[in-house]
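Hi,

Here is the structure I promised to pass on.

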Amino acid sequence: MLHELLLALVGCTGDVFMDVKEQAVALGLSTPKKTRPGAVDENDGETDSDASETIVDECTFRVAPDITFLKDSEREVLDRLLHLGFYYKELDNFCGRCRNLSWINLKQQPGLSFVQQSVYCRALANGIAEVLAVYRSAVLQVEQTLMADPVPVLAAVTQGLHQFEVLLAPLYALIREVEREQLRGGRLLNLLHAKCHCGIPELQACMQRLLWHGHQVMYRQLSTWMVYGLLQDQHQEFFVRRQQPAEGLVDGDQATEEARLADWHSGFCVNLEMLPEYISLQVAESILFVGKALRVLRNPSLTFKSHVSGSQRGSAKGFNRADDSTAKYSVPPIGGYQGPELLPPAEADSIASMLRDLKKAPDFHKLTFERAVDSIRTIAAIHLWKLVVVHADLIGHLKALKDYFLLAKGDFFQCFLEESRNLMRIPPRLSTAEADLKVPFQQAAIKTIGDDDKYFNRVSLRMPTPTSGSNEADIKRTRSVTDGPGFGESVPYDGWDGLALEYSIDWPLQLLFTKDVLAKYTKVFQYLLRLKRIQLELEKSWAQAMQQDRADTADQRRDGHQQRRESRQLRMPMWRVRQHMTYLITNLQFYIQVDVIESQWNLLQERVEASKDFTELARFHQEYLAALISQSFLDIGSVSRILDSIINLCLQLCRVIEQEDGTPNFAELERITEEFNKKSNSLYTILRSSKLAGSQRAPFLRQFLLRLNYNSFFEATARGALNMGRPRSSAFVH
């Protein structure tokens, strides 16, 4: 009978110790479930999620009822031992299902249970199999003890297996929960991690060993991702997930630059559902960054390799540029480009070594893991920084964007606007606007830009594409500005204000210069070009007025007509308001170009020089753009609307000056003057408010206000406008 008991302890029941479930099936009293939980039925394609059909809730091992010679105490001891046999059988069945890989070589894979589709469940099964192997050894040792004892007793069996009573029952409960909740990946690791916190040393050691097996799978996935940039996750159990379908994104040199760009920006993400709770989101983001960086470093584009190889074969003269800010980052001519140098083999080996050390550790230490990930992220970020800053000449491209998008090459744009002034005086023809501007654009380049500017060829003009139903009579559009109190009117929008620049960006600079980033540069460019253009119009109108005044003065001296002197006196208010407009526009332009753009550019240069981390580099550039937009008031709707109105009023005044013949249109002039005074007073009132002038978003705003109001003129007029109490003026006070 003891031998029957030993066989039952390893799951083999018989006539003395029987499995009531198997007996019921054999007698036809119940039907076994044909499909496994999570398996797909071939007929209806539905998934069965009832895990209780595979793992029985209660122990089905019983002592045969016809055994009557056992005492109640002996039957109780046998029932307790039979629970171990039942647990062993269920655990062994679970291991068999998880470790059954016979379906791999089949051409048509049958419906698989979720445990067969989970490498983490397979790792759990491997750990449970280790425990069951120890259990079988203990049963074998008990058998040897019983055979050596002349009077074998049941107590010897109980004594030899008592340690497994605290192990097999929790393991059985564990696999029940795994199959019932269909846990896999990070969710399974969370469960094992929670089970490790218990007060029984033997059970804690067992759960830690199972967690170690699960971490082996995670570390293998981490190694392929953080060393080679490959995502090895057939069943979507890793916490790094591909967001886009793999089709169309080909690894290696066959990948298109568009696919590479999509790969970097939106190809992968952190799958929070599979992220273990003991790994923070910040660490997961670092792991995600490392894998994406390795994909970039190991797979440079063909155009980039050919470009770098050609530049390195060039003479050293091409790298000794006059601008020291870009020359310090130039690539020395050291011969042909070597792709693997983007990530030296020694660095890849170092990353693999750190992951191997984590994998060999018997326990998971959060601090050690985070330190290793941070070290790997630093390596990847440094080499990605070198790729972008050194090999791709980032500083040179940043300076080119500053020269053209931020109008740092003032002589070029001054010449361009003068060359295209006559063209811009009439509404653009949307179908030919770009072609019309190419001639003055190239003429301005010939006059002001030397042959050594290798970035100018990357710049091109662009006009907005005409929408369906638009025509050339549609140019004088209006922008509704009804989203603010007191600004309910419509501001006429000049058709040329949509003029923009395009800049050709090569790999890998698209990692930094995304479409959103270039859109921000375009927004600032259009704003600055409008200011530059209206400043030129005010200067030209002044020159025209002075020319007319000198002609009138000469005629007055020759003819002695008093009428010409009176005509000159009548034009004085027009010249006065033109002077006020020029003063405001000039100071605003000086503030943006000098106080904002130059100061932020110097700060960006210092940060790029001090940083060796690509992540910091991207953050510095984003802060640079955000500062340009915020300190230029482009993100303040009320200020932007007032400036739009002021620019439009300046343009209207220029048209009045050009069209006046001896006597100006006093009604139109009075309207422009009144509106300009309202807008300028409102602008000054908003900018001098403590919310703006005292904030850190505009550190040089006080200097701008000081230059604008050096003789207290704006302050006096703004106070006077507030005290006038006119019905319309209250709408412009904020």
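**Helix 15 against helix 21**

The axes of helix 15 and helix 21 (residues 572-610) come within 12 Å of each other and cross at roughly 175°. Anything over 145° counts as roughly antiparallel, so that is the label for this pair of helices. On the helix 15 side, the residues that take part are I395, L398, K399 and K402, and they meet I597, E598, W601, L604 and V608 in helix 21. Sorted by class, this contact has 6 nonpolar residues, 3 charged ones and no polar ones. Before you go further, please keep in mind that the model is predicted.

K402 is one to click on while you are there. It belongs to helix 15, which covers residues 394-405. Is K402 buried or exposed? With a relative accessible area of 8%, K402 falls under the 20% cut-off, so it counts as buried. Leaving aside residues up to four places away in sequence, K402 touches L407, A408, I597, E598 and W601. Take W601 from that list: it sits 199 residues from K402 in sequence, yet the two C-alpha atoms are 8.2 Å apart in space.

**The whole chain**

Zooming out, the protein has 27 helices and 8 strands. Of its 734 residues, 48% count as buried. If you look at contacts between residues at least 6 apart in sequence, 76% of them join residues at least 24 apart.

**Cavities**

How many cavities of 30 Å³ or more does the count come to? There are 3. By class, the lining of the second largest cavity divides into 4 nonpolar residues, 3 charged and 1 polar.

As a reminder, most residues other than glycine have a negative phi, and most peptide bonds are trans.

- The peptide bond from W507 to P508 is cis, with omega near 5°.
- Q236 is not a glycine, but its phi is positive, near 55°. You will find Q236 in the loop between helix 8 (201-228) and strand 3 (240-242). Its relative accessibility is 45%, between the 20% and 50% cut-offs, so Q236 counts as partly exposed.
- F633 also has a positive phi, near 65°, again in a residue other than glycine. This one lies in the loop between helix 22 (614-631) and helix 23 (637-659). Is F633 buried or exposed? Its relative accessible area is 2%, under the 20% cut-off, so F633 is buried.

Cheers

Terms used:
Residues numbered from 1 in each chain as written. Predicted model: local features only at pLDDT ≥ 70, side-chain atom pairs only at ≥ 80, totals over all residues. Heavy atoms only, no water. 1 Å grid on protein atoms, 1.4 Å probe; cavity = no way out; pocket = protein on both sides within 12 Å on 5 of 7 lines; lining within 4 Å. Points joined across faces, edges and corners; volume = space filled by probe spheres on them. Nonpolar A, V, L, I, M, F, W, Y, C, P; charged D, E, K, R; others polar. Helix = DSSP H or I, 4+ residues; strand = E, 2+ residues; numbered from the N terminus. Buried < 20%, exposed > 50% of the residue type's maximum accessible area, 1.4 Å probe, protein only. Contact = heavy atoms within 4.5 Å. Axes fitted to C-alpha atoms, helices over the stretch in contact; angles between N-to-C directions. Parallel < 35°, antiparallel > 145°, perpendicular 65-115°, else oblique.
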